[in-house]
Each structure stands twice: as C-alpha cells, then as structure tokens.
Amino acid sequence: MQLAFTALFMLLFVLLCLLGVLANGFIVLVLGREWRRRGRLLPSDMILISLGASRFCLQWVGMADNCYYFFYLEKFSTGPVGQLFGLQWDFLNSSTFWFSTWLSVLFCVKIVNLAHPAFLWLKWRFPGSVPWLLLGSLLVSTVVSLLFFWGNRAVYQGFSVGEFHGNVTYQDWNMRMEIHYFLPLKLVTMSIPCSVFLASTALLISSLRRHTRTMRSSAHSLQDASTQAHTRALKSLTCFLVLYILSFTSLVSDAAGFFSSSDRDWYWPWQILTYLCTCVHPFILILSNPRLRAVFRQLLLSARGFWAVQVARSPCPGPQKTLG
C-alpha cells in the first residue's frame, strides 16, 4: 500500500513538472519569437521570458534532483553530485523568486494610482530599469548559490575527512550547519524578495478591489468588460499570492526541519507542494495575457483540427463477410 502511495505521488509530481515545462516553454517560445521579430521586448515581456526560462530550467533540475535524491540518498548526501544539483537549484530558485517579485512590482506601478512622490518616481523609473534589475537578480542569485555551495561543500568535506572537533559526529555537524547556517541564509535571501512581493501585491489587490467596487456602484453592470477584466485580474493575483506563499512556506519549513526528508512516504507530496507555484502559475499567466492566450487558443484549434483530420483519414472497419 505504501509503495503504491509513493508511486502515485511520484507520478503526479513528474506529470505536474512536465506540464509546467510545457507551459513555461510555451511562454519562452512565444515571447522569444516576438523578440526576434521586433528586435525588442516590453518590460513586462522581459520579466515574463526571464521568469519562464528560469522556471523551465528549474523544473528539469528539480525532477533530476528529486529522483536522484529519492533513489540514491546516501550518494546524494555524501557525494559531489548532490552539490552540483544544489548549486544549479539554488541559483534557479533564487532567480525565480526575484523575477516573480519584479513582475508583481511592475504590475503594481502600472496599475496602482498613488500621489506619493516616491511612488510617482518609482512609476516613472521602474519600467526603464527592468533590464538592469534582471541582471542584478542574476548576480544576486549567483552570490546566493555560491554561499549555499560553500555550506554544502563544508558538510561534504566533513564527511569525507571524518574529522570533527570534540565528540561531534557527522550527523551532529550536518544538523548544526542546517540550523546555524542554511536556515538563516535561506530566511535572509528569500525573505527580501518575498517582502517586496507581498507589499506590491497587497497594494495591487487593494487597488483592483477599490476599482471594482467603484465600477459596480457607478451604474456599471457585472457584465461590463472593464469590470470583468478587473475581476479576472483580481482572481489571478489572488491565486498567484497563494501559490507564492505556499512555495515560500514549504521551502522555509523544509530548511527549518519541520518536514523530515527521511520520511519517504510523504516526500513526493511535499515536493508537489513546493513546485506547485512554478507549475501552475504559468497557466495563469497564459490565460491572463491577451497575446499569450490568443496564441494558446490558436495552438489548441490547430491541434484539434489535426486530430479531426487524422480521425477522418483512419480507415473504418468494413462489414465482416460470413462463410456459408
């Protein structure tokens, strides 16, 4: 029973990641074609293509990392392969969090109307600063991944050399590193983009709710196009906020030791929760972006037409001849 439970959630995790790979790859391909055709991208498209590319790579690394960890736990914990996976995963995860944050900030400065001079300055300067912010995010993610790599390297060297101060064992040394190094580092490096994301998203949701109430009370019916657009945007933002918080909470809880990775039965459900944002949110972006939604609808219609042609061409079984 436990084996079937584990296999089921492992299969669900792989299918979820593959769907995320397809969705993020679709975003990168559509915006990449747009970039090649026009020679430039809008600030929002720059962030979307960067976010899609980082998530695309993160899901492939995540699938390989989790499968190797689950089936070869001892080699993963004590060998260099785990360090290599960790270096790539930490860089991509940090980049994804920062790109998601800049996407929320961009929508905030474009939609929210505040008369504060600092916000007006940010509204004027932020769109032109997007390329530099993306490059800065990559630089920060590189530093963060190197800091995590140094900690993993220290744990690995302690295991390979086998020399610790006093009566400290490898398990004690590993636990100390988790509590006194990895957990504070993860809290600091993830709390900064998460705080900016929460602040900008809260402003954005508050502004959209205020606009929606105003339009409903000023003789606009619920079927009005503007009201429907604001309602859809509000729902999309709320879903993004919930997924973002789930991802952040699961990663911090894992680092804090609230979830034991040695619990093999619940390993894959926990990974599904961790990767839920990177797999589900791309579909929200596709459905909420008019250009991506139009291409996606065209792709679905083409696939439907191709399937109908194949079914029409398939030979129908004729009547059976009977002997006699």
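Trainee: At what angle do H1 and helix H8 cross?
Mentor: The axes of H1 and helix H8 (residues 267–288) cross at roughly 25 degrees and come within 9 Å. That makes H1 roughly parallel to H8, a term for angles under 35 degrees, while over 145 counts as roughly antiparallel, 65 to 115 as roughly perpendicular and the rest as oblique. Axes are lines fitted to C-alpha atoms, for helices over the stretch in contact, and the angles run from 0 to 180 degrees between N-to-C directions. Helices (H or I, at least four residues) are DSSP runs numbered from the N terminus, as are strands (E, at least two).
Trainee: What should I know about the source of the model?
Mentor: This is a predicted model, in which local features need pLDDT of at least 70 and side-chain atom pairs count only at pLDDT 80 or more, whereas totals for chains, interfaces and linings use all residues. Residues are numbered from 1 along each chain as its sequence is written, and side-chain values use heavy atoms, with hydrogens and water left out.
Trainee: Back to H1 and H8: which residue classes make up the contact?
Mentor: The contact of H1 with H8 has 21 nonpolar, 5 polar and no charged residues. Here Ala, Val, Leu, Ile, Met, Phe, Trp, Tyr, Cys and Pro count as nonpolar, Asp, Glu, Lys and Arg as charged, and the others, Gly among them, as polar.
Trainee: And how does H1 lie against H2, parallel or antiparallel?
Mentor: Their axes cross at roughly 155 degrees and come within 8 Å. That makes H1 roughly antiparallel to H2. The contact of H1 with H2 comprises 19 nonpolar, 9 polar and 2 charged residues.
Trainee: What about H2 and H4, at what angle do they pack?
Mentor: Helix H2 (residues 43–71) packs with helix H4 (residues 80–111) at an angle of about 150 degrees, the axes being 8 Å apart. That makes H2 roughly antiparallel to H4. In this contact there are 17 nonpolar, 9 polar and 2 charged residues.
Trainee: Changing topic: how many salt bridges does the structure hold?
Mentor: There are 3 salt bridges, each being a side-chain nitrogen of Lys or Arg within 4 Å of a carboxyl oxygen of Asp or Glu.
Trainee: Which residue pairs with Glu34?
Mentor: Glu34 forms a salt bridge with Arg37, and the closest N and O atoms are 3.0 Å apart. Both residues lie in helix H1, 3 residues apart, about one turn of the helix.
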